[in-house]
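I opened this notebook to record what I looked up in the structure. The entries go from the whole chain to single residues.

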Amino acid sequence: MHNLTTKLKKLNYFWKRSQVPTQEPVEISIIDKLIIFLICIVISIISSYKLLLVPFLQSSVVVSWFIAFFEILISCGFLILVSRKENPTINSRQILLIISLLLIVQAIKNIFRFTISPLSIIVPPALIISQGMGTITALAWVSIASLSWPDSITEINKTLLLITLICSCIVSVLGGKIRSRAQLLQLSIFVPLGALFTQWLLIGDDQSSLVNNQEYFISNGKIFSDSLLLAIIMLIVILFIPIFESIFGLLTKARLLELADKEKPLIRRLSIEAPGTFEHTLLICGLAEEATRMIGGDIDLIKTGSLYHDVGKLHAPNWFIENQDGSKNPHDEIDDPLKSAEILQAHVDEGLKFARKNRLPKPIANFIPEHQGTLKMGYFLHKAEEKKLNFKESDFRYKGPIPQSKETAILMLADGCEAALRAMDIKASDNEALETISKIVNSRQIDGQLDDSNLSKGEIFLIKKSFLNVWKRIRHRRIQYPTIKNNTFS
Ligand SMILES: [Fe+2]
Ligand SMILES: [Fe+2]
């Protein structure tokens, strides 16, 4: 009995944890909601109106149409909910894309009926959705698109429908994980090949009669042309994915990796005009990546986000300590803590401007304000107190918002620990390093900076541990190995 209650308590705990949203979903305007709702209504109508096309309209027919209509409408609502749960930063344009793809597919089903293979109409959109919105949204979309047919489902080959469902699920799962365009190309070749082989194996022999040779060739010819059409549509979709990315602001893994390229003009500018900030950025990338790996977060997202988090410093690199060569500090020259605080805040505001100009996707741009949160600019606040200036504490705090995701919270912690870890003596012990890390992390926690990030206590502990591991690596690199004359081994 005791065992059962403990198990139930555990189950309840895991259920509650799984229900905690990782991030508050983005608000959608009323007009956008209305447009999305109208499209859902159109989808429901075109998916169910054929039920009413009977010579005698009886009440039972109207009832079954009513049920079919609401079934599709509720499915659309469910799809939107799933997409918002999986991508809290999803915007109305992206929801419109998912819903419009469903509308197009339902319209094609109406126009072409069963003359076009379900493979060619369901698999390619699944690839777009899995790439831009993730596997779960794609799977939800696939299940609705495969189950709702305007015409009687008895006319469709059940085995073909099953093959379509399997291929779409494979594309949805792999599409959400694929990290390069080359892998996408492989997918667009192997999925149609797999579909061709399975169809030939399961349907080809069914439909053809060995007695009638002509029928055998027609059946297999159709299977071949269906798979070829699927391959062509998938290749076209891959060609158009970059256009979808820029129109709908999709953030695919391939786009993330492209943005993380250090040859990108903005990152090149950072390395030339603000070399200190660039070095700081690289070290933070290492810290944040390790911590994200440890807690199972999105590594590609944090790698790219940390590269761009301080691009705003390009507006005035010399005002930031890491870019000063030690000769003069412009903050000492102006000797005005309030002005200095404005300059620090400007690196966030200017960073957001750079993000807009360079069309950085929203999840990446979010790293710019959230890595500073509403942190206190302690040094200048202290100076203002010393000078007995008239000020509010908020004048010496960043404008925020505080980190809204685990990844941006990790970046804030890495940003805070980087300078302290770099300045540590190489002879310092692991305990001393961990103490320094804990002090910085705890101060941000007490300040309420991690309140919206949904990081658990266990995850914060793992983050501290991973920062320590990175520091040990850095220390290891900095240790000078004793060299022996004529040493030929290494
Ligand atoms: Fe910063
Ligand atoms: Fe930074």
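**Entry 1. Whole chain.** I first looked up burial: of the 490 residues of the protein, 36% count as buried. A residue is buried if 20 or more other C-beta atoms lie within 10 Å of its own, exposed if 12 or fewer, and partly exposed in between, with C-beta atoms placed from the backbone. I note that this is a predicted model, in which local features need pLDDT of at least 70, side-chain atom pairs count only at pLDDT 80 or more, and totals for chains, interfaces and linings use all residues. Residues are numbered from 1 along each chain as its sequence is written, and chains are lettered from A and ligands numbered from 1 in the order in which they are written.

I then recorded the secondary structure: the protein has 21 helices and zero strands. Helices (H or I, at least four residues) and strands (E, at least two) are DSSP runs, numbered from the N terminus. The C-alpha trace spans about 90 × 65 × 60 Å along its principal axes. I also looked up the contacts between residues at least 6 apart in sequence, and 78% of these join residues at least 24 apart. Two residues are in contact if their C-beta atoms, placed from the backbone, lie within 7 Å.

**Entry 2. Domains.** I looked up the domain assignment, which gives domain 1 (22-255) and domain 2 (260-478). Such bounds come from an automatic or database domain assignment. The centres of domain 1 and domain 2, taken over C-alpha atoms, are separated by 43 Å. To the contact, domain 1 gives eight residues and domain 2 gives nine residues. On the side of domain 1 that touches domain 2, I recorded one nonpolar, five polar and two charged residues. In this scheme Ala, Val, Leu, Ile, Met, Phe, Trp, Tyr, Cys and Pro count as nonpolar, Asp, Glu, Lys and Arg as charged, and the others, Gly among them, as polar.

Entry 3. Axes are lines fitted to C-alpha atoms, for helices over the stretch in contact, and angles run from 0 to 180 degrees between N-to-C directions. Angles under 35 degrees count as roughly parallel, over 145 as roughly antiparallel, 65 to 115 as roughly perpendicular and the rest as oblique. From α4 the contact takes Gln94, Ile98, Leu101, Val105, Ile108 and Lys109, and from α5 it takes Ile121, Ile122, Pro125, Ile128, Ile129, Gly132 and Met133. I sorted the residues of this contact of α4 with α5 by class: 10 are nonpolar, two polar and one charged.

I next took helix α5 (residues 118-133) with helix α6 (residues 135-147), whose axes come within 7 Å and cross at roughly 155°. This makes α5 roughly antiparallel to α6. The residues of α5 that meet α6 are Ile122, Ala126, Ile129, Ser130 and Met133, and their partners in α6 are Thr135, Thr137, Ala138, Trp141, Val142, Ala145 and Ser146. The contact of α5 with α6 holds eight nonpolar, four polar and no charged residues.

**Entry 4. Helix α13.** Is helix α13 (residues 299-308) enclosed or open? Seven of its 10 residues are buried, so α13 is largely enclosed by the rest of the structure. The buried residues of α13 are Leu301, Ile302, Thr304, Gly305, Ser306, Leu307 and Tyr308.

**Entry 5. Backbone geometry.** Most residues other than glycine have a negative phi, and most peptide bonds are trans. I recorded that the peptide bond from Gly400 to Pro401 is cis, with omega near 5°. Pro401 is in the loop between α18 (378-386) and α19 (406-423).

Asp335 is not a glycine, although its phi is positive at about 50°. I placed Asp335 in the loop between α14 (330-334) and α15 (337-357), and Asp335 is exposed, with 10 other C-beta atoms within 10 Å. Arg359, also not a glycine, has a positive phi of about 50°. Arg359 is in the loop between α15 and α16 (362-365), and Arg359 is exposed, with 10 other C-beta atoms within 10 Å.

**Entry 6. Residue pairs.** Ile41 lies in helix α2 (residues 30-48) and counts as partly exposed, with 14 C-beta neighbours inside 10 Å. Ile41 and Leu73 are 32 residues apart in sequence and 6.6 Å apart in space, C-alpha to C-alpha.
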